[in-house]
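This note sets out several points for a colleague who is meeting the structure for the first time. Please read them alongside the sequence and the view shown here.

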Amino acid sequence: MKKARAEGYRCRAAYKLLALEQRYGFLKGARVIIDLGAAPGGWSQVLAQNRSSPLGENLLLIAVDSRPLSPIEGITFVQGMFEDEGTQRYLASLLQGRAVDVVLSDMAPNTIGRRQIDHLQSLALAEEAYAFARQYLVSGGHFVTKIFQGGAEKSLFEDLRQNFQNVSFAKPQASRTESCERYLVAMTFRKALPL
Ligand SMILES: C[S@@+](CC[C@H](N)C(=O)[O-])C[C@H]1O[C@@H](n2cnc3c(N)ncnc32)[C@H](O)[C@@H]1O
């Protein structure tokens with residue numbers, strides 16, 4: 001946390017996104033990015049740093065969280081439960097028909113210390129994020145989601161494999177060794193053509 005503060009990040013979670021991006025490069029060239037479970041804002045800070053790139057002008061960076069987020073320049077923040085109909089409608093209105101290049105979800109349930117329950121709740125959030133990604137991702141887009149491992153994530157993994165070119169599990173160094181947190185990184189969405 002000390003290092004994060006010294007380097008201007010709100011939390012060490014920023015380093016997880018930096019490490020994932022360094023390994024997979026899913027943010028390269030992305031213009032519309034959704035950051036789900038964004039508070040306190042480490043990932044959004046990383047995304048906002050990209051605004052100085054030549055693509056900066058066209059960037060639309062939307063962050064969502066049920067908790068408040070102190071403002072970050074360049075980030076449009078939506079406060080609400082992601083799965084609520086009102087939140088989803090508001091997101092759609094912000095997108096104004098623009099397709100999304102990358103959907104990131106670092107959403108995590110309030111853990112209660114019972115591993116299987118925490119696991120299933122985190123999976124439910126990942127499934128919500130995936131449903132959104134399937135609806136809005138551009139063909140070739142990318143989806144990254146946190147999950148707490150526990151067994152049931154295999155069906156999500158298989159489902160992702162049907163719809164993306166490459167899918168893998170990742171555990172960035174900044175993620176605590178004892179935590180069962182993993183990231184599913186799904187690259188290159190194969191969007192189904194409308195019938
Ligand atoms: C681990 S934190 C995210 C950290 C963030 N990526 C960062 O870099 O600061 C998980 C976040 O998910 C949010 N969250 C959990 N369930 C949610 C839901 N259903 N809708 C919106 N946000 C949710 C929590 O409020 C919490 O802020």
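1. Two residues are in contact if their C-beta atoms, placed from the backbone, lie within 7 Å. Leaving aside residues up to four places away in sequence, Trp43 touches Ala13, Ala14, Leu17, Asp35, Ala38, Leu104 and Asp106.

2. This is a predicted model, in which local features need pLDDT of at least 70, side-chain atom pairs count only at pLDDT 80 or more, and totals for chains, interfaces and linings use all residues. Residues are numbered from 1 along each chain as its sequence is written.

3. Helices (H or I, at least four residues) and strands (E, at least two) are DSSP runs, numbered from the N terminus. An open sheet of seven strands has the order E3-E2-E1-E4-E5-E7-E6, with mixed pairing; two strands pair if DSSP finds at least two bridges between them. Strand E3 (75–79) and strand E6 (164–170) stand at the edges with a single partner strand each, so one side of each is left without a neighbour in the sheet. From one strand to the next, the twist averages 15 degrees.

4. E1 and E2 run parallel and are joined by five bridges, and Val32 has Leu60 as its bridge partner in E2. E2 also pairs with E3 in the parallel sense, over five bridges; here Val64 stands opposite Val78 in E3.

5. H2 lies across E5, E6 and E7, at about 40 degrees to E7. Helix H4 (residues 85–95) lies across E2, E3 and E4, at about 160 degrees to E3.

6. A residue is buried if 20 or more other C-beta atoms lie within 10 Å of its own, exposed if 12 or fewer, and partly exposed in between, with C-beta atoms placed from the backbone. Five of the six residues of E2 are buried, so E2 is largely enclosed by the rest of the structure. H3 is likewise largely enclosed, because six of its eight residues are buried: Gly42, Trp43, Ser44, Gln45, Val46 and Leu47. The cover over these residues includes H2, E1, E2, E3 and E4.

7. By contrast, Asn58, in the loop between H3 and E2, is exposed because it has 9 other C-beta atoms within 10 Å.

8. A nonpolar core is a set of buried Ala, Val, Leu, Ile, Met, Phe, Trp, Tyr and Cys residues joined through C-beta atoms within 7 Å. The largest one has 46 residues, and those with the most contacts inside it are Leu36, Trp43, Val103, Leu104, Ala129 and Phe143. Elements supplying at least two residues each include strand E1 (32–36), strand E4 (100–105) and strand E7 (181–189). H5 gives the most, with seven residues.

9. Which residues come nearest to the ligand? Of the 21 residues around the ligand, they are Ala13, Gly37, Gly42, Phe82 and Asp106; a residue counts as near if its C-beta atom, placed from the backbone, lies within 6 Å. Helix H2 (13–24), helix H3 (42–49) and strand E2 (60–65) give two or more residues to this shell.

Definitions and conventions. Axes fitted to C-alpha atoms, helices over the stretch in contact; angles between N-to-C directions.
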